[in-house]
Amino acid sequence: MPNHVIEPLPGYKEIKPFVYAGFFPVSNEDYQNLKDAVEKLALSDSALQFAPENSPVLGFGIRIGFLGLLHMDIIRERLEREYGLDLVVTNPSTDYHVVLMNGEELDIKSASDLPDTSKVHEIAEPWIKGEIIVPSEYIGAVLQLIVSKRGLHKNISYIENRAVIAFEAPMANLLTDFYDQLKSITSGYGSFNYELDDYRIQDLVRIDFYVAGEMVDALSIMAHRSESQNIGRTITKKLKEVIPRQNFEVALQAAIGGKFIAREDLSAYRKDVTTGLYGGDVSRKKKVLAKQAKGKKRMKRFGKVDIPSEAFTVMLKRD
């Protein structure tokens with residue numbers, strides 16, 4: 001039989017993920033179960049793309065690509081509910097096109113994969129074309145929100161008493177709480193849709209975070225240099241809120257390269273969960289200690305510090 005070239009139907013485009021996040025089992029023994037579960041979900045979800053990932057802190061896991069944050073939340077819920085997995089999920093990010101000094105081109109999906117800055121010639125990030133539809137009285141607040149995300153307002157058109165605001169913005173700046181902020185400032189009336197536009201060369205840096213003097217690679221993020229100091233201060237403050245005090249003082253630091261740009265300190269403290277209990281009721285003490293032990297299962301030991309799973313998604317934590 002003659003060989004026939006199989007061509008896709010006209011207009012067909014391969015689905016490309018916009019958002020990436022690392023999924024790690026709380027117990028490394030569950031890695032194979034996680035891998036099997038993701039493979040099963042991918043059979044019915046063509047948009048799901050994944051690859052193995054290894055972190056010195058979190059161990060073996062999988063980096064998964066999603067169409068958006070809602071897609072990520074759905075997959076996370078299915079993995080936890082349908083497959084009974086206890087997961088640690090890292091801050092969502094997008095992909096970046098990197099050109100090295102020797103001309104080699106890389107497509108990185110995690111900040112921790114960025115080569116040494118001395119080898120990097122340029123970094124390009126994805127930008128989107130978006131439209132926001134809101135009642136006319138909210139135009140000013142929406143324009144301020146777009147500018148705060150490094151966005152560029154392009155055009156405003158009107159449909160009766162509603163405005164259609166066209167804009168461009170970096171994808172990475174819309175991944176965390178943009179939609180929540182839009183709903184908040186428009187009293188729930190704002191609607192938003194977007195499509196990927198192109199990759200644009202920007203002055204981007206990798207922000208690393210240190211806990212007790214040791215870098216935690218799973219917390220590293222990419223950011224524009226103009227926003228890096230503010231982001232570093234914000235995240236170290238959020239880490240201070242979620243990381244429990246230890247028996248010794250812990251420094252939480254943000255750095256670009258070898259230069260520290262923000263710092264928060266956790267004072268030494270020993271938490272005794274049985275302090276409020278008195279008398280001879282041993283069973284109550286056992287119950288409280290058992291509850292504490294259950295909570296610690298979702299923590300990752302990093303050196304001498306226990307880091308809770310919430311620390312790896314601080315970018316999604318509302319102020």
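Colleague: Which residues is Phe23 in contact with, leaving aside its neighbours within four places in sequence?
Modeller: Leu34, Gly61, Ile62, Ile64, Phe66, Met72, Arg76, Leu79, Leu87, Val88 and Val89. Bear in mind that this is a predicted model.

Colleague: What makes Phe23 part of a nonpolar core?
Modeller: A core joins buried nonpolar residues through side-chain atoms within 4.5 Å. Phe23 belongs to the largest such core, which has 37 residues. Phe23 is also among those with the most contacts inside this core, along with Leu34, Phe66, Leu79, Ile132 and Phe167. Helix H1 (residues 31-43) gives the most to this core: five residues.

Colleague: Why are S2 and S4 called edge strands?
Modeller: The open sheet has four strands, in the order S2-S3-S1-S4, with antiparallel pairing. Strand S2 (49-55) and strand S4 (87-89) each pair on one side only, so they are the edges.

Colleague: How do you know that S2 and S3 pair?
Modeller: Pairing takes at least two bridges. S2 and strand S3 (residues 59-66) have seven, in the antiparallel sense, so they pair. Gln49, for one, has Gly65 in S3 as its bridge partner.

Colleague: Which strands does H1 touch?
Modeller: H1 packs on the sheet and touches strand S1 (19-25), S2, S3 and S4. The direction of H1 makes about 15° with that of S3. Helix H2 (residues 69-81) lies across S1, S3 and S4, at about 15° to S1.

Colleague: Why is the link between Arg78 and Glu82 called a salt bridge?
Modeller: The limit is 4 Å between the side-chain nitrogen and the carboxyl oxygen. For Arg78 and Glu82 the closest N and O atoms are 2.9 Å apart, so the pair qualifies.

Colleague: Why does Arg78 count as partly exposed?
Modeller: Its relative accessibility is 30%.

Colleague: What makes Asp208 buried?
Modeller: Its relative accessible area is 4%. Buried means under 20%, so Asp208 is buried. The side chain of Asp208 meets that of Arg206 in a salt bridge, at 3.0 Å from N to O.

Colleague: How do you know that Glu125 and Arg150 form a salt bridge?
Modeller: Their closest N and O atoms are 3.0 Å apart, within 4 Å, so they do. The pair links distant parts of the chain, 25 residues apart. Glu125 sits in strand S7 (residues 120-135), and Arg150 in the loop between helix H3 (139-148) and strand S8 (152-159). Both Glu125 and Arg150 are buried.

Colleague: How many salt bridges are there in the whole structure?
Modeller: The search finds 15. Salt bridges also link Glu168, Asp197, Asp198 and Arg200 in a network.

Terms used:
Residues numbered from 1 in each chain as written. Predicted model: local features only at pLDDT ≥ 70, side-chain atom pairs only at ≥ 80, totals over all residues. Heavy atoms only, no water. Buried < 20%, exposed > 50% of the residue type's maximum accessible area, 1.4 Å probe, protein only. Helix = DSSP H or I, 4+ residues; strand = E, 2+ residues; numbered from the N terminus. Contact = heavy atoms within 4.5 Å. Axes fitted to C-alpha atoms, helices over the stretch in contact; angles between N-to-C directions.
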